[in-house]
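Please examine the charged side chains of the model shown below. The explanation that follows leads through their pairing and their placement.

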Amino acid sequence: FFQTLIARMFEERLLVAYREKLAFDKQQKLIEEEEEEERLRKERDENRQIARQRKRDRKKEQKKAAADRKRAEDEEYIKAEQKKVEQEVLHKLDEEKKRKDKRRLTRTSSNNNLDLDRSSNSSGSRSSS
């Protein structure tokens, strides 16, 4: 009888120890699963944050590229306008030079005609006397 009682008590202790071991293992497994879920969540959050930062960087680069293109277009337009103005000024100067040359030629030719007229008048008047 005594041996049966001791055997039962031993069996009971073994059963309690086994149940405690199962509970502990189950608890450890749950803790590990929670830690894994937390790690995965952090990893997803970091990946999302990295993706958002890349998107912001891409947008920033696109804005900068657009601004650079706009600045280049503006500079090109300004250069074209400056060239146009320079050409207009050169054209006006050229036209003015042509007018002055034409006036000078006209004056020179009329002076020559006057001189010819004077010389022909003076030589004509001498021959008639």
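In this predicted model, a network of salt bridges links E38, R41, D45 and R48. Side chains of opposite charge can pair when their charged atoms come close.

R41 forms a salt bridge with E38, and the closest N and O atoms are 2.4 Å apart. Both E38 and R41 belong to helix α1, where a spacing of 3 residues places them about one turn of the helix apart. R41 also forms a salt bridge with D45, with the closest N and O atoms 3.1 Å apart. Here the spacing within helix α1 is 4 residues, again about one turn of the helix. D45 in turn pairs with R48 in a salt bridge whose closest N and O atoms are 3.5 Å apart; these two residues of helix α1 are separated by 3 residues, about one turn.

The accessibility of each member can be considered next. E38 has a relative accessible area of 32% and is therefore partly exposed. R41 is partly exposed at 36%, D45 is partly exposed at 31%, and R48 is partly exposed at 46%. By the rule applied to the model, the count of salt bridges comes to 13.

A further charged feature is a positive surface patch, formed by R54, K55, R58, K59 and K63. One of its members, R58, is found in helix α1, which covers residues 2-128. R58 has a relative accessibility of 49%, so this residue counts as partly exposed, the limit for exposed being over 50%.

Definitions and conventions: Residues are numbered from 1 along each chain as its sequence is written. This is a predicted model: local features need pLDDT of at least 70, side-chain atom pairs count only at pLDDT 80 or more; totals for chains, interfaces and linings use all residues. Side-chain values use heavy atoms; hydrogens and water are left out. Patches are made of residues with over 30% relative accessible area and no salt bridge: like charges are joined within 9 Å, nonpolar side chains (Val, Leu, Ile, Met, Phe, Trp, Tyr) within 5 Å. Accessible areas come from the Shrake-Rupley method with a 1.4 Å probe; for residues, only the protein chains shown count as cover. A salt bridge is a side-chain nitrogen of Lys or Arg within 4 Å of a carboxyl oxygen of Asp or Glu. Lys and Arg count as positive and Asp and Glu as negative; His and the chain ends are not counted. The place of a charge is taken as NZ of Lys, CZ of Arg, CG of Asp or CD of Glu. Buried means under 20% relative accessible area, exposed over 50%, partly exposed in between (1.4 Å probe, protein chains only).
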